[in-house]
Each structure stands twice: as C-alpha cells, then as structure tokens.
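Please open the model in a viewer and keep the selection panel at hand.

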Amino acid sequence: MVLVSLHDVRFTYAFTERPALDGVTLELEPGLLHGVVGMNASGKSTLCALIRGVVPHFHEGTLEGDVQVLGRDLSDWDPADLSQTIGCVFDNPFTQISGIKDTVFEEIAIGLENLGVPREAMIQRVKEVVERLGLQALIRKNPNELSGGQRQKVAFASIIAMDTDFIVIDEPTSQLDPEASEEIFGVIDQLRRHGKSVVLVEHKIDLLARYADSIVVMKEGRVVMHGPTRDVLTSDALLDANVPPPEVTALARDLADAGKELPFMPITRSEAYQAISRRMEGRPRGHHTA
Amino acid sequence: MSADQDRGGAAIRAEDFIDGFRRPATQGNRVRDMNPISVFLVLGSLAVIAVAVPGIVAPSTVCVVLVLISLAGGVGRSFIGNFSRLFVAIGLLLFVLRSAFAGGTPVLFTIGAITVSMEGVLEGLRFALVVMAISGTVTLYFALIPIKYSMLALELKGVTPRATYVLLAAFQAITDLGKNARVIMDAQKARGIETEGNFVQRVRAFVPVLAPVFLSAIAATEEKAIALDARAFNSRVNHSHLVTLRPTPAWEVVFVAIAILCAVVACAGAVVPWY
C-alpha cells in the first residue's frame with residue numbers, strides 16, 4: 001500500500017489567490033524517511049498539513065485533485081482517526097505546548113492520555129522516550145517556562161510517545177543547536193529502522209543527506225523533483241529550486257568546476273573523505289592539491 | 001561528591017518523581033488532599049450559611065472558619081494576607097457605602113446629604129461580611145486546590161476533557177497574556193519609547209500594546225488547537241489520566257454531608273424563621 005499518493009493536487013488557502021500547492025503529483029512509499037526541502041513559502045508546510053489532513057479539515061481552502069493517505073481518500077478520513085494514525089510535529093515550538101500541564105513528564109504523556117493508554121503503560125512509554133531524547137533533566141520543569149529548543153524537543157517527544165506508524169515532522173530542529181539536532185535525527189533514524197514512515201521537512205540538508213531515503217524538492221508550490229536522496233542532492237534541480245546542496249557536494253562541484261573532479265559526487269562527510277582519499281591515492285606523496 | 005555519585009543521585013530523584021505518578025496525587029496536607037469537589041461543597045456550604053442566616057454572627061463566624069481552614073490547610077499566610085487586603089479594599093468600601101445610603105433609625109450622625117443610622121451600620125456590616133465570606137470561600141478554594149486537580153476531579157465525574165481544557169487554558173492564558181505584554185513593553189522600551197513614569201504615561205504606553213497581545217493570542221489559539229489535535233485530543237476513546245486523585249475516605253463523605261446539612265438547615269431557617 002502506498003503511504004501517500006497525490007495526483008495533480010492544488011490547494012488554495014481561504015482568502016488568498018495564489019495556490020500554496022499547485023499541480024502536485026507525488027507518491028511516497030511506506031517504511032522510509034522522506035525529506036522535503038525548498039525555500040521559504042515553497043509549500044513544504046502545506047504539503048505536511050495536507051498529508052496530515054490539517055488542510056482542509058482545519059485550515060479552510062479549496063482543494064482540487066486526488067489525495068490518498070494510506071490507501072484512503074483524504075475526504076473519507078475522520079480527523080479524529082487521522083490524529084491517531086499519523087503523528088505530527090509542527091514547526092512553531094511556542095504553540096506546541098498544551099499549556100495545561102505542570103511538568104514536562106505530564107506534557108509528554110498528554111497524547112497517551114487522549115488515547116486512553118493505561119497509567120502504567122503510559123509511565124513506561126514516557127520514561128522510554130525521555131531517555132531516548134535525553135530529557136531527564138527537564139521532566140520536573142514547567143513546560144510553559146522552557147526555551148524554544150526545549151519546547152521543540154518536548155513536543156517531538158510527546159508525538160514519539162504516541163508511537164504511530166506514520167509521522168509527519170515539520171522542521172523539528174529549527175530552534176536546536178547542532179548537537180541537539182543530531183540527537184533528534186538519531187531518534188528519527190531509529191524510528192525508520194523500526195519500520196515507521198516519516199515525512200520530514202528540514203532545512204539542514206547535510207543531515208537529510210545522511211538519513212533520508214528520498215527527497216522531495218519544492219518550489220513555488222510545485223514538486224520539482226522527487227527521488228532517491230543521492231540523485232536529488234547531486235542534481236541541478238536542487239540548485240534550480242535555490243536549495244543549497246550539502247556542503248561536501250558543493251565542494252565537489254567547485255572542484256569539478258576547477259577541473260579537479262572527484263571520482264564520485266559525495267553527499268556526506270564520510271563519502272567526501274572516501275572520494276578525496278581515493279583521488280589522493282593517485283597523487284605523488286607531498287602533493288597537497290586535490 | 002563525584003560526578004558519578006551526582007548523576008546517580010539525580011537518577012534516583014528522577015525515578016522517585018516518576019514513581020509519584022503511580023500513587024494518588026498529594027499536596028502533603030490532609031485538608032488540601034481532600035477531593036476538590038468535597039472542598040468545593042464544604043466551602044460552598046459555608047458561603048450559603050453566611051448568606052442564609054440573618055445577622056452578622058454567621059458571616060463573621062464563616063470568615064473566622066475560613067481563616068482556621070486556611071491554617072489547617074497550610075496556606076494560612078498567603079490566604080490571610082489576601083483576605084485582609086480584600087477586607088480593606090472591598091469590605092471597608094462596601095460597609096461605608098451601604099451604611100451611608102441605607103437609611104433607617106436611630107440616626108447616629110449626618111454629614112450633608114448623608115445620614116448614618118444604627119440600622120444602616122448593621123446592614124452595611126452584614127452586607128460587607130457576607131460579601132467577604134463569599135469572596136473568602138472563592139479565594140480559599142483556589143489557595144487550597146490547584147486548578148488542575150479541580151478539573152481532574154470534574155473529568156473523573158464525567159465532565160468532557162474539552163470543557164476542562166477550556167477552563168484550564170483560560171487560566172493559563174491570563175499568565176501568557178501577561179508575559180506577552182511584558183515582552184512587547186520591553187521591546188518598546190528598547191526602542192526608546194517611554195513606558196515608565198506616572199500613571200498617565202504608563203497607560204499611554206500600555207494601551208497600544210493590547211492590540212498585538214490579543215491578536216497574537218488569537219493567532220496562537222488556532223495553532224494550539226491543531227497541536228492538540230495532533231495529540232489525539234479529539235479521539236473518541238475514553239481518556240485515561242496520568243495523575244490520579246486519592247479515593248474519597250468515609251470521614252470526608254461524612255464531613256461533606258454535615259456541611260451540606262448545615263447549609264440546608266440554614267436555608268430552611270431563612271424560609272421558615274427558626275431563630
């Protein structure tokens with residue numbers, strides 16, 4: 001069964017003229033980590049909202065085309081069922097906190113309470129998520145008094161705790177430092193390894209290069225490319241969408257432009273190390289130029 | 001203490017904290033650990049008695065009882081402080097206004113058009129004491145019982161989570177609006193706009209802040225609703241609760257029954273005078 005299937009989808013928010021999504025055709029396979037990249041206002045968040053059913057169920061507008069989520073037409077989904085089937089982390093950490101819980105531990109458990117999970121199972125699951133995300137130091141704190149980055153981690157944790165098979169994540173690391181971003185990606189990678197399907201909007205392309213199975217590139221509401229991560233990140237379509245490639249890919253491109261092409265186009269640092277090493281092997285000792 | 005010992009201690013404390021959710025919530029005080037609905041009924045009964053029983057003895061007694069309950073509940077210092085301020089700010093004002101304009105006999109003294117009588121003084125005193133007793137019960141309730149436990153008790157009695165969320169979020173919104181207003185005021189100050197000084201200057205600085213504060217709150221409400229939906233808030237299964245209240249003991253039931261009985265007798269006495 002296809003995870004998400006969009007065919008010629010066009011969505012225009014109420015009271016606006018320009019469509020946020022325009023002629024989007026896309027198929028996402030289950031069990032993979034799909035990255036979504038694009039400039040600001042390219043339609044990434046709207047794509048996530050559509051997959052999750054937030055549009056048109058919450059945000060009103062005109063939806064045209066065919067949208068299938070987990071084999072069912074989006075209009076056939078009950079919003080309450082969608083919330084139990086697809087986990088969703090939004091990009092604004094300041095509106096992700098319920099505002100009604102006194103401690104982070106309780107905040108992470110709120111989704112489980114809503115799903116009617118028995119108390120002991122709830123405690124165990126929250127404990128596990130707290131440990132996985134390294135939130136032990138925060139569990140007693142009031143979620144309303146956390147920093148943006150801490151809120152983002154807590155919001156992420158509360159969705160992870162719900163243990164849905166399909167998770168849509170919109171810029172989960174926008175307020176996090178590099179170390180915390182790595183931790184979040186580590187958890188997302190674990191989810192994928194456990195067979196979960198993840199759609200992830202992210203600007204940190206170097207991290208997507210390491211973890212994503214496929215990448216969707218968006219520009220002005222359209223999908224300009226979708227394919228395996230390597231194919232997308234080494235393609236010109238990425239540059240045409242004004243999305244900077246991974247730093248090592250950009251370096252390899254610059255080297256190629258300077259006539260010093262690497263044996264293959266790297267997308268991660270480890271690949272870059274291999275590519276440069278391989279090229280260096282063909283050079284006499286003490287020769288420092290690549 | 002070594003870093004390992006420190007980490008070990010923190011882990012044990014965290015485990016204790018988590019283990020606390022396996023037991024009924026406690027505030028470490030027998031009065032405050034009463035079921036919020038029981039506290040509401042007892043305090044409500046006291047307010048009814050203060051209103052129903054004529055004269056100044058009942059509302060005065062109720063005010064004293066409220067202070068005693070606050071002391072027993074371990075919130076005496078904050079409650080007595082707040083209650084005293086209420087007495088001075090509102091009680092005194094109500095007493096003076098009521099006494100001045102109630103009329104009656106015998107006349108004690110006259111200042112211009114205002115004639116103060118003994119009847120007026122007694123009526124003013126009763127009115128002020130009744131209002132103080134009622135406001136005291138409300139103040140004491142919120143001093144004794146955290147709002148989240150009140151809502152939890154209501155949910156356990158069948159009130160929908162949606163209704164309790166609205167109430168809880170409304171209380172939190174007051175705090176959030178205050179915080180946002182302070183942030184905007186600080187930003188204004190950083191831009192060189194005068195936000196301090198006399199009352200008029202402060203009002204002039206504060207009024208323009210209201211629009212962005214409320215508009216941002218409205219915008220955030222929609223996003224919060226969606227974030228809540230993402231956490232299955234609208235699911236149709238019965239919600240479970242991480243925090244639980246302790247079962248109501250027999251003594252508490254008896255205590256509440258006596259309080260309600262007293263209130264009923266006081267009301268009956270108001271209809272069929274028994275004094």
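Predicted model: local features only at pLDDT ≥ 70, side-chain atom pairs only at ≥ 80, totals over all residues.

Begin in chain B with the buried residues of H6(B): what covers them includes helix H2 (36-52) and helix H7 (161-190) of chain B. Helices (H or I, at least four residues) and strands (E, at least two) are DSSP runs, numbered from the N terminus. Select helix H6 (residues 147-156) of chain B, whose buried residues are B:Ser150, B:Met151, B:Leu152 and B:Ala153. A residue is buried if 20 or more other C-beta atoms lie within 10 Å of its own, exposed if 12 or fewer, and partly exposed in between, with C-beta atoms placed from the backbone. Just after H6(B), B:Gly158 takes a positive phi of about 105°.

Residues are numbered from 1 along each chain as its sequence is written, and chains are lettered from A and ligands numbered from 1 in the order in which they are written.

Chain A has 12 helices and 10 strands, and its C-alpha atoms fill a box of roughly 65 × 45 × 35 Å along the principal axes. Of its 290 residues, 46% count as buried. Colour the chain by pLDDT, the predictor's confidence in each residue, from 0 to 100. The mean for chain A is 91, and 97% of its residues reach 70 or more. Over residues 285-290 of chain A, however, pLDDT stays under 50.

Now display the strands of chain A. An open sheet is formed by four strands in the order S2-S1-S4-S5 (chain A), with antiparallel pairing. Strand S2 (21-28) and strand S5 (72-73) of chain A stand at the edges with a single partner strand each, so one side of each is left without a neighbour in the sheet. Two strands pair if DSSP finds at least two bridges between them. Strand S4 (residues 61-69) of chain A is joined to S5(A) by two bridges in the antiparallel sense; A:Gln68 has A:Asp73 in S5(A) as its bridge partner.

Move on to strand S9 (residues 214-219) of chain A, which runs parallel to strand S3 (residues 33-38) of chain A, with five bridges between them. There A:His34 stands opposite A:Ser214. S9(A) also pairs with strand S10 (residues 222-228) of chain A, in the antiparallel sense and over six bridges. Among these two strands' residues, A:Val217 has A:Met225 as its bridge partner. S9(A) and S10(A) form a hairpin with two residues between them, and A:Glu220 in the turn has a positive phi of about 50°.

Finally, show both chains together. How many residues of chain A are in contact with chain B? The number is 37, and they meet 31 residues of chain B; two residues are in contact if their C-beta atoms, placed from the backbone, lie within 7 Å. The largest share of the side of chain A that touches chain B, seven residues, comes from H4(A). That side divides into 18 nonpolar, 13 polar and six charged residues. Ala, Val, Leu, Ile, Met, Phe, Trp, Tyr, Cys and Pro count as nonpolar, Asp, Glu, Lys and Arg as charged, and the others, Gly among them, as polar.
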